Each structure stands twice: as structure tokens, then as C-alpha cells.
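Here's a quick walk through the model you're about to see. Have a look around first, and then we'll go part by part.

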Amino acid sequence: MKIHIKNGHLIDPKNGIDAKQDIYIAAGKIAAIGNAPEGFVANQTIDATNLVIIPGLVDLSARLREPGFEHKATLESEILAAAAGGVTSLVCPPDTDPVLDEPGLVEMLKHRAKQLNQAHVYPLGALTHQLAGKEITEMCELSEAGCVGFSQADVTIKDTQVLWRAMQYAATFGFTVWLRPEEPYLAKDGVAHDGEVAARLGLKGIPTAAETLAIASILRIAKETGAKVHLCRLSSSEGVEMVRTAKKAGQQVTCDVSANHLHLTDFDIGYFNANTHLKPPVRSQRDKTALSNGLADGTIDAICSDHTPVDDDAKLYPFAEAEAGATGLELLLPLTLKWAEENKLKLSDAVKHITQAPANILGVEAGDLSVNASADICVFDPKQYWKVEAKALLSQGKNTPFLGLELAGKVKYTLVNGHVVHG
Amino acid sequence: MLNPQLNDDGELKHLLSIEGLPKRILNQILDTAESFAGVAEREVKKVPLLRGKTVCNLFFENSTRTRTTFEIAAKRLSADVITLNVSTSSQSKGETILDTIDNLTAMHADMFVVRHAQSGAAHMIAKHVAPHISVINAGDGSHAHPTQGLLDVFTIRKYKPEMHNLRVAIVGDVLHSRVARSEIHALTTLGVPEVRVIAPKTLLPQDVEKLGVHVYHDMNEGLKDVDVVMMLRLQNERMAGAMLPSAQEYFKIYGLTSEKLALAKPDAIVMHPGPMNRGVEIDSAVADGTQSVILPQVTYGIAVRMAVMSILAGN
């Protein structure tokens with residue numbers, strides 16, 4: 001199958017391309033950019049006039065809910081949502097049921113995903129058995145089975161001795177440890193940023209110190225053990241500042257922020273909108289600004305969707321009891337574009353955070369449009385507005401704080417390995 | 001964001017929280033309550049305003065005083081009243097709140113009075129119910145207890161009619177108190193110029209000053225020259241642990257005694273939403289003393305709840 005995408009504006013941050021360029025695809029790979037290779041005859045031509053061509057999105061956190069939570073979402077439904085969102089590579093955290101702590105489970109997931117022949121699925125293995133924070137997992141076996149790193153998802157290791165050993169072991173083999181920094185005692189039972197809104201609504205707060213204390217211990221232990229660490233879902237101004245300092249000092253650390261946190265503050269909780277119940281909590285305007293600045297100056301590497309499909313029933317509880325999480329795969333691109341526009345950034349600078357940067361963190365070949373790279377491509381209309389509503393979303397999760405909002409950026413075509421999976 | 005408590009004409013549709021209610025509506029409720037205050041003195045303690053209506057008291061959390069006063073209020077308005085202690089029935093069978101609501105709606109309830117241990121429960125129910133149904137929040141988690149806030153300002157207005165010239169101190173566990181939040185909003189909305197909160201830092205929410213209150217940690221400073229002292233109940237589970245070392249130490253520092261009360265204005269009134277912990281947050285000599293208006297609060301509670309129900313039924 002040979003595909004010619006013509007007349008589009010091509011943005012490839014890695015190769016520094018930001019211009020009108022045609023792209024030629026053959027045998028699942030990018031054959032050429034600009035001029036057609038000799039003798040190229042396309043089976044399919046995609047007219048991308050007024051459209052933007054970027055590398056397929058790389059999402060550092062998308063819960064597909066399999067195995068174990070098929071009533072919330074299935075691999076099939078979410079992989080279609082990924083395609084509709086232009087996401088061609090995604091990382092799934094290990095908090096499935098059973099937890100991804102056995103090679104067999106990881107192989108099964110990889111196999112199922114491969115059969116669907118859609119987005120590349122990169123599982124994170126559990127760092128400890130059952131995520132219980134007591135015994136470390138067979139990281140080498142899990143890595144062979146396909147895990148790209150090791151994570152505790154939303155469960156924190158309370159015992160710092162275990163965290164230390166887990167990082168030592170991971171460091172031995174060069175595995176990256178993915179941790180969402182949250183000190184579990186300070187965050188206990190908390191559901192919202194510990195500030196004015198939580199005070200008004202009578203919600204139990206999670207203080208910023210829950211994040212900063214955890215970052216401090218993780219960075220310190222990582223430094224001592226030599227472990228590579230990726231900090232997931234920063235939420236606070238102080239947290240961003242700590243990572244900035246660590247990076248300046250030369251520490252090997254990367255981090256991401258969820259697209260939700262670039263646009264929401266605790267005031268968006270409004271009258272107990274359960275769709276804004278997220279982990280970590282959305283914080284103050286000041287924190288939101290700091291996250292945005294941290295992303296713009298490179299302190300924060302990547303934007304992820306933190307896609308967490310939740311069934312409607314699980315949200316029909318009072319705020320604290322409603323399950324945390326929001327659907328996100330189909331919103332990652334439009335929310336990134338919105339962020340770029342609000343901060344007057346070049347499209348290429350924004351796109352980098354959902355393509356090249358996350359691919360670098362993963363250490364996989366993705367997120368760019370180099371010749372001979374796998375043809376994972378997203379073609380979108382930057383000017384087309386669409387309304388976020390249940391019927392517009394392919395994901396089985398229909399809950400998002402952005403329901404009802406009109407967003408610019410509609411994915412027209414998604415290609416994985418050179419075949420069209422959406423469009 | 002539309003205020004979920006008001007209908008399209010800006011009139012009260014549900015009573016969920018004092019926050020966000022205009023002064024006009026607070027005064028309407030207080031003035032209406034004034035007209036009901038005399039009903040209890042009559043030989044026939046009933047008015048027919050809610051005749052044919054069904055009021056459903058839905059208590060997902062235990063309560064005696066609030067539940068009883070709502071029942072009395074509804075009965076004095078001639079409504080049919082059902083009271084369900086849901087904590088002991090369907091919830092333990094796994095039925096969700098909204099299932100319970102749907103079932104009661106099918107039985108043609110017109111008004112729900114809801115108490116729940118989670119903040120936001122009343123808002124969630126109000127969002128879910130059929131358009132003809134009104135919801136009254138009788139206490140949700142640490143969020144709001146609007147009828148208590150209203151009866152407290154009603155009581156203050158009775159004893160201290162010049163609201164715009166008052167200094168009010170709220171003492172105790174503001175962090176967990178839905179009563180304190182509703183009092184603060186009611187007082188600030190009605191134009192009370194100085195509302196103070198007095199408590200150790202462990203019992204105050206982060207950024208509490210943004211609710212428009214002055215923060216004190218010292219009773220001697222905080223009570224100085226106040227016109228009204230509003231005491232809060234200290235829940236048993238908070239009396240020892242990480243929040244407070246002991247009930248004894250709490251009483252020593254924050255308990256209201258005659259000596260501490262003497263720092264307030266000589267004609268200051270003392271209030272408490274009940275049930276009281278004598279010897280923990282308040283000394284018996286003060287609770288039963290001449291400055292105490294704790295029992296009138298209970299009496300006025302009925303009139304205020306009648307006012308809220310009749311206004312909601314009228315809208």
C-alpha cells in the first residue's frame with residue numbers, strides 16, 4: 001500500500017520541519033518528504049489542503065481498562081478512541097485487574113493490542129506485586145514481555161526502604177521508574193486542592209506538600225540509586241520548581257502533565273462537578289500558570305491525556321465518592337492546541353510535547369516523521385471546531401470536565417504503520 | 001455557571017447552601033419565618049399551606065434535632081410527612097442514593113429534606129430530581145447546613161436587630177463544620193461587618209480567611225468586644241488524635257467559660273447549634289446562663305424551616 005498525502009502543512013519537531021510538504025508512504029514506512037521517490041505510484045492519495053500533518057501522538061498515560069474493568073471500557077473501544085484522537089502510541093499504566101505484575105498478563109495485552117492492528121500499546125509493569133508496595137516484581141521478565149518501564153500508577157509506596165530497593169533494582173538494568181508523586185498520608189482521603197474551594201465546599205483537601213514531599217524523596221532516592229525517574233502528572237507550582245532545580249543540577253529526570261491540568265483550576269469544581277474529580281487534584285490558578293510555564297520552558301517534557309474512562313454510574317455519587325478520572329484520548333490534541341493558542345506558542349512547539357518529547361521518554365521509535373520511520377501520522381484540521389459531548393466521543397468513557405465545550409482541532413486521518421486507522 | 005438553587009425567575013427552587021443566595025432571598029426567608037413564629041402559640045398549631053403535599057425526610061446520616069424540627073415544621077404546614085432513616089435501610093442493601101430518590105419520586109413526593117455524610121450530596125440530588133420537586137439540604141458532609149445558618153441569623157436578628165453593626169465570633173471545629181460555613185455565608189451576606197473564627201490551626205480549613213472571616217487562635221483576643229459568640233460542636237472522634245490532644249486541653253483553651261465570656265460585650269449572646277458537649281466546648285454555667293439563647297434557637301428553627309418549605313412550595 002502506497003499513500004501520498006498532499007498539500008498539507010507538515011510539522012515535525014524532531015526534524016525541524018514546519019512547512020507545506022507532501023509525504024509519501026510505502027510498506028508501512030515514510031518513504032519520502034517533499035518530492036516523491038522515483039517511480040512512486042500511490043494507491044491512495046489524501047488531500048490535506050488546509051490540514052496539518054504531524055507525527056502520530058504519543059500518549060504517556062491512557063488506561064484501556066483491560067483486563068478487569070471491561071464494563072468501563074475495552075481495548076477495542078479505547079483503541080478506536082485513540083485513532084480518533086490521532087494517538088498512535090500509548091502507554092498504559094499497570095492498575096488493571098489483575099495488576100500488570102506478571103509477564104503472562106503483559107504478553108496477553110500486547111498480543112490483543114497487536115491483533116487489533118491499531119495504535120502501538122506500551123504497557124508499564126507494576127513496580128511492586130499487586131502495587132502493594134512490599135515486594136518488587138520480576139522486572140527483567142516483565143521487560144522481556146514488553147513493559148517499557150515500571151510504575152505504581154496511583155498507589156504510592158509508603159515504605160521508603162522498598163522504594164529505595166525498587167529503584168536500585170530498576171537502575172541495575174536501566175529501567176525507568178514512573179511515579180506519580182504523592183505522599184500518601186498527607187493525601188489520605190483528600191479529593192480536592194487544599195485551598196479556598198475545598199474550604200467552601202467542605203471537601204477534604206490534598207495539600208501541595210503531598211506532592212513536594214514525594215518529589216523530594218523520589219528525587220533524592222533516584223539520585224542515590226542512579227535510577228532513571230519519570231514523574232507523572234505534576235500538579236503544583238512548587239513541584240514544577242523542584243523539577244526545574246533538579247534538571248538544572250543535571251539530574252536525569254523527566255516529567256509530564258495531564259492536558260486537564262493545563263486548563264482547569266479548583267474553581268472548575270463549581271457545584272461539585274464529579275467530572276472534575278481527578279488524580280492529582282486540579283489546583284489553583286497560580287499552579288495552573290506554573291504548569292503552563294514549566295511546559296513552555298522545557299521543565300515539563302510532555303503532555304499526556306491521563307485517559308481514564310469511568311462508567312456513568314461510578315460518577316453518580318457525591319463528589320468524594322465519585323470515581324476519579326476523565327476520558328482524554330480524543331481531547332489530547334485539541335487541548336494541546338488550545339494551550340498553545342492561549343499561550344501564543346508556535347504550533348510546532350506545542351506539538352513537540354505530544355510527539356517527540358514523550359517518544360524520547362519512552363525510548364521508542366515514534367513521534368517523528370523521519371524517512372524510514374514507521375508511518376504513524378495524524379492529519380488534522382486546526383480550524384474545525386467540534387463540541388465535546390457523549391455522542392462525539394468514541395471512548396466508552398463519556399465523562400470529562402470539558403463536556404459542552406467547543407474545541408478547535410479535528411483529526412481527519414490517523415495512520416499507524418502506514419495504514420489508515422481513522423478517516 | 002447557573003446557580004442551581006434558583007429558578008429562571010431568580011426565585012428559590014432548592015435550598016442547598018447559603019453561599020450564592022442573594023440577600024433578598026435570605027430576608028424573604030427570615031421575614032416569612034417571623035410570620036410563622038406565632039403559629040406555635042395558637043391553640044391549633046397548623047396552617048394549610050402545604051396541604052396535599054408530601055414531604056420526604058431522607059436521612060442518610062443520623063440526626064434527632066434537625067429531623068424532628070423538619071417533621072414538626074412540615075406538619076404545622078399540613079403536609080404529609082414521611083421520614084426515612086436510609087442509613088439503616090436501603091443503603092445497606094447496596095441501593096444508591098439516586099435509586100432511593102427515584103423510588104420516592106415514584107411515590108409522588110413533592111419535597112425532599114436530605115441529610116448525608118458527604119459534601120455535595122444535596123446538590124447531586126437536586127440536579128437529578130424531576131422539575132416539580134424541591135430539595136432542602138439538611139446537612140451535607142462538611143459543606144452546608146443552610147437552615148441551621150438561617151435559624152442562627154434569625155436568632156441574632158431577634159436579639160441584635162442592627163446586623164450591620166455587629167461583631168460575631170464562631171468558635172471551634174470550623175474545618176469539619178457545615179454549620180460554621182453556613183453561618184459565615186449568612187452573616188456576611190446580611191452585612192455583618194466583622195465575623196471572626198477562633199480555633200487552633202488543626203481545626204481551620206486552608207485559606208479560611210478567603211471566606212471573609214478574621215482568623216484568631218487566641219480566645220482572649222478573639223472574644224474581645226464581640227456581640228455574638230457562636231460555639232461549634234466538637235465531634236467525639238476529634239477529641240483525641242492528631243487534631244487535638246484531649247478534650248480537657250481543648251476545654252482549657254477553647255471552652256467557653258464565664259470568665260472568657262466576660263471579654264465579650266456585656267450584653268453578648270451565646271449560641272450553639274446542639275447537641276452540646278458540656279465541659280468540652282462550653283461550660284454548663286454559660287450554656288444555662290442568662291446570655292444563652294440556645295433553646296430559643298431550637299424554637300426558631302421550626303419557624304425558619306416552615307418558612308423555607310412554604311416559599312419553596314409557593315415557587
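What share of the 423 residues in chain A is buried? Buried residues account for 59% of them, where buried calls for 20 or more other C-beta atoms within 10 Å of a residue's own, with C-beta atoms placed from the backbone.

A word on the ground rules: this is a predicted model, where local features need pLDDT of at least 70 and side-chain atom pairs count only at pLDDT 80 or more, while totals for chains, interfaces and linings use all residues. Residues are numbered from 1 along each chain as its sequence is written, and chains are lettered from A and ligands numbered from 1 in the order in which they are written.

Chain A holds 13 helices and 21 strands; these are DSSP runs numbered from the N terminus, helices being H or I with at least four residues and strands E with at least two. Its radius of gyration is 21 Å, close to the 22 Å from the globule rule for 423 residues, so chain A is as compact as a globular protein of that length. That radius is taken over C-alpha atoms, and the rule is 2.2 Å times the number of residues to the power 0.38. In chain A, 75% of the contacts between residues at least 6 apart in sequence join residues at least 24 apart; a contact means C-beta atoms, placed from the backbone, within 7 Å.

One sheet to look for in chain A is open, with four strands in the order 5-4-1-6 and mixed pairing. Strands pair if DSSP finds at least two bridges between them. Strand 5 (29–33) and strand 6 (44–47) of chain A sit at the edges. Strand 4 (residues 23–26) of chain A runs antiparallel to strand 5 of chain A over four bridges, and Ile23(A) has Ile33(A) as its bridge partner.

Chain B splits into domain 1 (23–145 + 298–314) and domain 2 (146–293), with bounds from an automatic or database domain assignment. Their centres, over C-alpha atoms, are 26 Å apart.

Nonpolar covers Ala, Val, Leu, Ile, Met, Phe, Trp, Tyr, Cys and Pro; charged covers Asp, Glu, Lys and Arg; the others, Gly among them, are polar.

| Side | Residues by class |
|---|---|
| Domain 1 of chain B, touching domain 2 of chain B | ten nonpolar, seven polar, four charged residues |
| Chain B, touching chain A | eight nonpolar, ten polar, five charged residues |

Between the chains, 23 residues of chain B are in contact with 19 residues of chain A. Helix 4 of chain B gives the most to its side, with three residues.

Methods:
A residue is buried if 20 or more other C-beta atoms lie within 10 Å of its own, exposed if 12 or fewer, and partly exposed in between; C-beta atoms are placed from the backbone. Two residues are in contact if their C-beta atoms, placed from the backbone, lie within 7 Å.
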